[in-house]
Amino acid sequence: MVDTRVNLCGIELSNPVIPASGTFGFGREFAELYDINCLGTFSFKGTTREARFGNPTPRIAECAGGMLNAVGLQNPGVDHVIAHELKEMQKFFHKPVMANVSGFSIDEYVEVCQKLDACEQVGWLEVNISCPNVHGGGMSFGTDPKMAAEVTRAVKNVTTKPVIMKLSPNVTDITAIARACEEAGADALSLINTLMGMRIDLRRRRPLLANKTGGMSGSAIFPLAVRMVYQVYEAVKIPIVGLGGVSCAEDVIEMMLAGATAVQVGAANLIEPFACRDIVEQLPETMEKYRIEKLTDIIGGAH
């Protein structure tokens, strides 16, 4: 019997499969399709201080091997999330959930994290300093080691739960950002977020997205994500949550061999709503195929 359990910042997961923020909402729609308690956990929709409508449409575009999105952090705001979404979530999800937090200032990150830290259902705070689809927020903090460290330090000062800093791949050296976050007290890192991309409508001769650019996700970016997880594993000592183009159980194993303790699945959920459930079900058989008895034994195994 194989052992799929992993431990992320002191919290045991029955398996390492985590739907990524922005692709799973607050879990409700997926819970209508299958019992989402089969998942390790999930990262809920990126939450800001105030409610946000997001970017104008169109904000989704297809591309070979993936998609572009410029949704722009559409969410109902942290107070609504706490008062309504988390209470509803208690009815269908009975594990600690990962709260994804975005902001446009350090004060906003601090306020939102402090409020969510007080919520019983929240197991981890995933602090997104890597969103490429909003102007003046998110990625502006994640592309500079000093700013990344400043956000990390400020959030850690007001929280008690594990803080996972979500890093941008749109940088020259992701290991510099990773080390800065670790030194500032981050408990873990998640990487990578989407890569900046663009499509152009040939008939209109204008960008397909109203935002002009968007974040590219999907299977096409998987090798880039594996490379960055591998590099960051060698640069830091804290756990890594690997994501970027993961779509099957083999991808989970590969990401863990590169250095990930847990693995998030993003765009695959938008293509196939049962993707995460299927990966969880396929994992034991895939482990047996590659003669893996315990998943914890392979973390960083390719180094």
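**A first look around the chain**

Q: Hi! Which residues of helix 8 are buried?
A: The buried ones are A249, D251, V252, I253, M255, M256 and A258. Buried means under 20% relative accessible area, exposed means over 50%, and partly exposed is in between (1.4 Å probe, protein chains only). Helices (H or I, at least four residues) and strands (E, at least two) are DSSP runs, numbered from the N terminus.

Q: Before we go on, what kind of model is this?
A: This is a predicted model, where local features need pLDDT of at least 70 and side-chain atom pairs count only at pLDDT 80 or more, while totals for chains, interfaces and linings use all residues. Residues are numbered from 1 along each chain as its sequence is written, and side-chain values use heavy atoms, with hydrogens and water left out.

Q: Back to helix 8, then. Why is it called largely enclosed?
A: Seven of its ten residues (the helix runs over 249-258) are buried, so helix 8 is largely enclosed by the rest of the structure.

Q: And what covers those buried residues?
A: The cover includes strand 1 (6-8), helix 7 (222-235), strand 14 (240-242), strand 15 (262-265) and helix 10 (275-289). Contact here means heavy atoms within 4.5 Å.

Q: Which residues other than glycine have a positive phi?
A: C9 is one of them, with phi near 60°, and L73 is another, also with phi near 60°. C9 sits in the loop between strand 1 and strand 2 (11-13). L73 belongs to the loop between strand 5 (66-69) and helix 2 (78-89).

Q: Are those two buried or partly exposed?
A: C9 counts as partly exposed, at 23% relative accessibility, whereas L73 counts as buried, at 12%.

Q: New topic: where are cis peptide bonds found?
A: One runs from T57 to P58, with omega near 0°. P58 lies in the loop between helix 1 and strand 4. Another cis bond joins L191 and I192, with omega about 10°, and I192 is in the loop between strand 9 (188-191) and strand 10 (195-197).

Q: I also spotted T47. Where is it?
A: T47 is in the loop between helix 1 (28-31) and strand 4 (60-63). Its relative accessibility is 0%, so T47 counts as buried.

Q: What does T47 touch?
A: Leaving aside neighbours within four places in sequence, T47 is in contact with F26, N75, G77, V78, V81, N100, V101, S102 and V112. A polar atom of the T47 side chain also lies 2.9 Å from the backbone oxygen of K45.

Q: Zooming out, how many helices and strands does the chain have?
A: The chain has ten helices and 15 strands. Its radius of gyration is 18 Å, close to the 19 Å that the globule rule gives for 303 residues, so the chain is as compact as a globular protein of that length. That radius is taken over C-alpha atoms, and the rule is 2.2 Å times the number of residues to the power 0.38.

Q: What does the C-alpha trace span, and how much of the chain is buried?
A: Along its principal axes the trace spans about 55 × 50 × 40 Å. Of the 303 residues, 56% count as buried.

Q: Last one: what share of the contacts is between residues 24 or more positions apart?
A: They account for 72% of the contacts with a separation of 6 or more.

How values were computed:
A polar contact is a pair of N or O atoms within 3.5 Å; within protein, one must be able to donate a hydrogen and the other to accept it, and residues adjacent in sequence count only if both atoms are side-chain atoms.
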